[in-house]
Amino acid sequence: MQITEHIASLSEEGRLLAAAAEQAGPGASVPTCPGWQIRHLLRHTGMVHRWAAAFLTEGHTAYHPDGGEPDLDGAELLAWFREGHSHLVRSLEEAPADLECWTFLPAPSPLAFWSRRQLNETTVHRVDAESALGGPLTPVPATRAVDGIDELLTGFHARPKSRVRSDKPRTLRVRAVDTAATWTVRISEDPPQTVRTAGGDGTEDVDCELSGTAEGLYLALWNRLPLTAVTLRGDRAVARLWTDNSAVT
């Protein structure tokens, strides 16, 4: 996806998140984040938006801590969230293409990294906000879902801090049936190694395969939908290894 598409989608996802949060109310429980209420979701996501924007506007070339979550609630908290989201979108729109700043996953450029990262951050938390309403979720287009799966499998879980490990080597295949994308994830005592292929179902024998729409896989791999939302073939323990250890912190 192009940077401009990421930013436009980020703008819409933030508006959807705020609208769902406003409808649900600050005290509503968030089923996809046990123990959280909408107020916790807004404080967290709003803090992340401001943290990300600081790299874009202040050009930090090393890690810079966030400013913490505010002691706000109700209408004030919602207004604070909307202000921070708008500031992030503007910061991305106005950032130069040759921006230099700190990032933490491989990307073609810092601007490409932050636009993609904040789009996925906000999309997942928009799903959280909508889950508090108990109704249907706003769809995630297949191309965006594939891009989000890529970031999760080849970015986050390629890092040394990934907790998806196994003493016995295991292989998980992830296949998006509505696209040509298939990922093979090799799980061992080291960080998972993922290879994406295009076309075909994959001929290599694997221990477990998860298949479904790109959107279903995206949300299941981010632990926002249960494994029953996708089709599982093979050893369920491999899939549980993922769901039990893949939370990104």
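Is F104 buried, partly exposed or exposed? F104 is partly exposed, since its relative accessible area is 23%; buried stands for under 20% relative accessible area, exposed for over 50%, and partly exposed for values in between (1.4 Å probe, protein chains only). The views below show a predicted model, in which local features need pLDDT of at least 70, side-chain atom pairs count only at pLDDT 80 or more, and totals for chains, interfaces and linings use all residues. Residues are numbered from 1 along each chain as its sequence is written, and side-chain values use heavy atoms, with hydrogens and water left out.

**View 1. The aromatic pair of F104 and F113.** The rings of F104 and F113 form an edge-to-face pair, with 5.0 Å centre to centre and 80 degrees between the planes. Rings of Phe, Tyr and Trp (its six-membered ring) pair if their centres lie within 6.5 Å; planes under 30 degrees apart are stacked, over 60 edge-to-face, and the rest tilted. F113 counts as buried, because its relative accessibility is 3%.

**View 2. The aromatic pair of W51 and Y63.** This pair is tilted, at 6.4 Å centre to centre and 55 degrees between the planes. W51 lies in helix α2 and Y63 in the loop between α2 and α3 (74–94), so the pair ties together parts that are 12 residues apart in sequence. Helices (H or I, at least four residues) and strands (E, at least two) are DSSP runs, numbered from the N terminus. W51 is buried at 15% relative accessibility, whereas Y63 is exposed at 52%. Ring pairs link W51, F55, Y63, W102, F104, F113, W114, F156 and W222 into a cluster, and the whole structure holds 15 aromatic pairs.

**View 3. The largest pocket.** Its volume is about 760 Å³. On a 1 Å grid over the protein atoms alone, a pocket is an open set of points where a 1.4 Å probe fits, with protein on both sides within 12 Å along at least five of seven lines; lining residues have an atom within 4 Å of a point. Of the 30 lining residues, H44, R117, E121, V248 and T249 are the closest to the centre of the largest pocket. Helices α2 (38–58) and α4 (110–131) each supply at least two residues of this lining, and α4 gives the most, with six. The lining comprises 16 nonpolar, eight polar and six charged residues. Ala, Val, Leu, Ile, Met, Phe, Trp, Tyr, Cys and Pro count as nonpolar, Asp, Glu, Lys and Arg as charged, and the others, Gly among them, as polar.

**View 4. The second largest pocket.** The volume here is about 210 Å³. Among the 15 residues that line the second largest pocket, those closest to its centre are A107, P108, A112, R116 and D147. Two or more lining residues come from each of α1 (3–24), α4 and α5 (142–155), with the largest share, five residues, from α5.

**View 5. Strand β2 and its two partners.** Six of the seven residues of β2 (residues 181–187) are buried, so this strand is largely enclosed by the rest of the structure. Strand β1 (residues 170–176) runs antiparallel to β2 and is joined to it by six bridges; strands pair if DSSP finds at least two bridges between them. V174 stands opposite W183 in β2, and four residues separate β1 and β2 in their hairpin. Strand β3 (residues 193–198) also pairs with β2 in the antiparallel sense over six bridges, with V185 opposite T194 in β3. β2 and β3 form a hairpin with five residues between them.

Definitions and conventions. Points joined across faces, edges and corners; volume = space filled by probe spheres on them.
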